[in-house]
Amino acid sequence: MAELRAAAAGPGPVAAAVAAAALPGPMALPAAPGAAPALPSPAAGSGAGPSPGAGTAAAAAAGGGGSGSGGAGSGSAREGWLFKWTNYIKGYQRRWFVLSNGLLSYYRSKAEMRHTCRGTINLATANITVEDSCNFIISNGGAQTYHLKASSEVERQRWVTALELAKAKAVKMLEESDDSGDESVSQTDKTELQNTLRTLSSKVEDLSTCNDLIAKHGTALQRSLSELETLRLPAESTEKIKQVNERATLFRITSNAMINACRDFLMLAQTHSKKWQKSLQHERDQRIRLEETLEQLAKQHNHLERAFRGATVLPASAPGTGGSAKDPCCPAKGDLSDEDDDNEFFDAPEIITMPETMGHKRTGSNISGTSSDISLDEQYKHQVEDTKKEKRTRIPYKPNYSLNLWSIMKNCIGKELSKIPMPVNFNEPLSMLQRLTEDLEYHELLDRAAKCESSLEQLCYVAAFTVSSYSTTVFRTSKPFNPLLGETFELDRLEENGYRSLCEQVSHHPPAAAHHADSKHGWTLRQEIKITSKFRGKYLSIMPLGTIHCVFHSSGNHYTWKKVTTTVHNIIVGKLWIDQSGEIEIVNHKTGDKCNLKFVPYSYFSRDVARKVTGEVTDPTGKVHFVLLGTWDEKMDCYKVTLGAGDNGAEGRQRAHEAEDSRVLLWKRNPLPKYAENMYYFSELALTLNAPESGTAPTDSRRRPDQRLMENGRWDEANAEKQRLEEKQRLSRKRREAEAARATEDGTPYDPYKPLWFERKKDPVTQELAHVYKGGYWESKEKQDWTLCPDIF
């Protein structure tokens with residue numbers, strides 16, 4: 001049925017917003033009374049569902065009165081009761097319809113208008129067809145079709161007339177919008193345009209005045225010349241006078257042509273000015289309607305969320321525990337009592353929900369930033385200055401601040417996502433450099449790979465290491481801090497784990513970070529990652545660009561791969577959850593071995609386990625030696641492929657899956673620390689990354705003040721400090737741009753910004769330009785010589 005389709009209602013932004021928000025929801029009101037189910041004989045060929053028959057007059061009569069006139073004070077063209085065809089079981093059901101601004105919306109009752117819209121159709125692209133005395137159909141080409149029935153022929157005619165008038169207005173508005181272009185123009189641009197037109201008009205009036213003067217003086221000049229021709233003058237003088245007369249005539253003709261062209265231009269400008277003004281007014285009205293709709297949806301969702309919580313008690317699930325094959329963040333659909341349940345939607349919460357385990361209740365007045373059990377000062381005083389001696393196992397609990405999401409979103413409409421100033425409420429107290437360092441959480445996989453004699457077995461461990469870097473993202477829905485240009489982060493675990501790592505923010509636009517890690521167990525890992533993101537309404541796609549290199553010292557095997565796409569779902573509506581999708585090809589550039597990993601995107605209708613990852617390890621000839629199977633949030637297994645006589649590759653790989661004795665557990669995720677849900681779902685490694693350490697560079701992320709204030713629970717101060725740092729960075733960038741401009745004008749050489757510890761080189765393997773560690777950091781740390789470090793904090 002068309003009613004079960006959540007398609008966009010048309011080109012209007014308000015209609016698109018309402019239709020896109022029509023998500024399934026668990027809450028529904030009982031059906032309208034008196035709508036006894038009938039089994040009419042539908043007409044064949046309906047594009048969106050069965051056509052209602054004539055056998056539902058009893059339903060129409062039982063429904064009481066029909067449609068009413070336009071509601072006073074509602075701002076709608078018409079509203080009232082109509083009977084809407086649902087399905088063969090329920091037949092026609094009484095629904096409250098509202099016609100407003102070229103949109104026809106319906107609700108189960110008049111009271112439901114405050115919080116739940118069941119469906120909307122855009123009349124600008126709809127066809128209105130009258131079937132009989134009481135029935136009529138509204139369809140927008142197959143995506144949506146409403147079979148409607150009025151209580152009487154007179155009532156049907158009133159509705160059809162109102163719908164036709166609303167459609168005509170909507171089509172006219174759409175045509176005017178198309179003529180004026182799709183770009184939104186601000187009030188400042190409109191004022192500037194009007195000033196320009198006024199100036200242009202005054203200039204053309206000046207030209208018109210000049211035209212009159214030219215015509216007047218030109219006529220007088222020709223008259224004088226004609227009088228001169230009548231005088232008896234020498235032949236030579238007469239010839240000269242004729243030439244002057246001809247030139248004066250040409251001058252007058254040319255002047256008139258110029259003035260006529262200017263007048264035509266003025267008329268054309270005035271004509272287009274009216275269209276521009278209509279377009280500006282239309283866009284302004286559309287924007288206001290969209291803002292009002294979004295604000296209404298935000299309040300509606302907040303109301304429904306509170307009502308649902310008051311009526312339902314949900315059991316708390318422990319983080320990190322396995323469950324069913326379905327994604328725990330995606331609720332399964334319940335039994336539907338009516339076809340309208342699928343069109344119930346929830347949108348834009350006014351407050352961001354926080355974890356409610358451990359007895360912490362979410363309150364709007366909890367501004368102190370302290371938990372109900374232990375104060376932040378008591379929690380934070382246990383961390384030590386030097387993490388080499390003792391690693392901290394906890395951080396201050398995340399405070400339960402309420403946040404008005406709409407107050408932020410309404411100012412971000414039309415802006416570039418990467419340039420939206422977001423408060424720390426959406427962050428976690430780690431920077432992107434520290435998140436990049438978290439790739440080394442399962443460094444022991446590379447330690448084991450370094451000991452492998454077979455390059456194919458080594459590739460299996462490298463593949464498991466690649467998958468393990470995503471395991472920390474399953475519950476981490478908050479974004480890290482964007483590093484400042486020149487910001488660094490070091491992780492020295494040479495004594496405990498045999499490796500040390502360094503990251504530096506090497507570019508700000510586009511944002512790019514370089515990472516280099518060395519291990520005394522015989523491997524080097526380096527990467528440069530640029531993050532690009534696309535906001536697609538319901539979800540956010542994050543695409544890391546750049547190549548990761550892993551080199552093993554003893555064998556000389558050089559592996560490269562790229563990261564997959566990370567998708568954050570339910571950006572506006574519902575609970576945030578993260579998925580990874582795409583394919584990774586890991587290549588050994590020395591031997592030619594390859595591993596193809598496939599991250600299967602989550603699907604509600606799939607019977608496969610959620611977050612599934614599959615892979616094959618092949619030699620240069622394409623022969624499969626190992627099959628990898630697992631999930632990116634739990635574990636990865638490896639099966640050795642042994643083909644018997646007459647076996648083909650597919651059958652052999654299938655038997656390899658069934659041969660449990662050939663299974664090798666490559667990697668298994670470490671359990672999260674106790675009470676991780678109150679500490680941003682940090683892993684054991686993540687809890688230690690922001691612990692203060694002595695001797696680090698002044699540009700180290702641990703010294704970033706806004707990040708430290710947020711970790712301590714002082715979010716208001718953190719927001720103020722974040723704005724100060726961003727403004728300082730903007731001033732530094734403007735200063736560099738001004739210096740570059742002056743150098744260009746003066747012709748003097750100018751050195752652009754260069755990272756301190758990395759340099760840009762062409763990679764001999766991938767032929768890509770990338771930032772490679774040039775050395776010197778650990779030597780500077782040993783000497784405690786940080787004179788070259790910029791002042792960024």
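Reader: Which residues does S455 touch, not counting residues up to four places away in sequence?

Author: This is a predicted model, in which local features need pLDDT of at least 70, side-chain atom pairs count only at pLDDT 80 or more, and totals for chains, interfaces and linings use all residues. Residues are numbered from 1 along each chain as its sequence is written, and side-chain values use heavy atoms, with hydrogens and water left out. S455 lies in helix α10, where helices (H or I, at least four residues) and strands (E, at least two) are DSSP runs numbered from the N terminus. With contact defined as heavy atoms within 4.5 Å, and with residues up to four places away excluded, the residues touched by S455 are N557, Y559, N588, T591 and D593.

Reader: Does S455 count as buried or exposed?

Author: The classes rest on relative accessible area: under 20% is buried, over 50% is exposed, and values in between are partly exposed (1.4 Å probe, protein chains only). S455 has a relative accessibility of 18%, so its class is buried.

Reader: Why is strand β18 largely enclosed by the rest of the structure?

Author: The reason lies in the accessibility of the strand, which covers residues 577–588. β18 is largely enclosed because its buried residues number nine of twelve.

Reader: Over how many bridges do β18 and strand β19 pair?

Author: β18 also pairs with strand β17 (residues 565–569), in the antiparallel sense and over five bridges; there T565 stands opposite S581. With β19 (residues 594–599) the sense is again antiparallel, and I586 has C595 as its bridge partner. The number of bridges between β18 and β19 is six.

Reader: Which residue in the turn of the hairpin formed by β18 and β19 has a positive phi?

Author: Five residues lie between the two strands of this hairpin. The residue in the turn with a positive phi, of about 90 degrees, is G592.

Reader: Which residues is W561 in contact with, leaving aside its neighbours within four places in sequence?

Author: W561 is one of the members of the largest core that touch the most others. Its contacts, with neighbours within four places left aside, are V462, F465, T466, L525, G546, T547, I548, C550, I584, E585 and I586.

Reader: Which residues is R476 in contact with, leaving aside its neighbours within four places in sequence?

Author: R476 is placed in the loop between α10 and β9 (479–481). R476 counts as buried because its relative accessible area is 2%. Its C-alpha atom is separated by 9.5 Å from that of L576, 100 residues apart along the chain. With neighbours within four places left aside, the contacts of R476 are E428, L430, R435, E438, I578, Y680, Y681, F682 and A686.

Reader: Which are the edge strands of the open sheet of seven strands?

Author: The order of this sheet is β4-β3-β2-β1-β7-β6-β5, with antiparallel pairing. Within it, two bridges join β1 (residues 78–87) to β7 (residues 145–149), and F83 has K149 as its bridge partner. The strands that pair on one side only are β4 (119–122) and β5 (127–130).

Reader: What share of the 793 residues in the protein do buried residues make up?

Author: The protein has 15 helices and 25 strands. Among its 793 residues, the buried share is 47%.

Methods
A nonpolar core is a set of buried Ala, Val, Leu, Ile, Met, Phe, Trp, Tyr and Cys residues joined through side-chain atoms within 4.5 Å. Two strands pair if DSSP finds at least two bridges between them.
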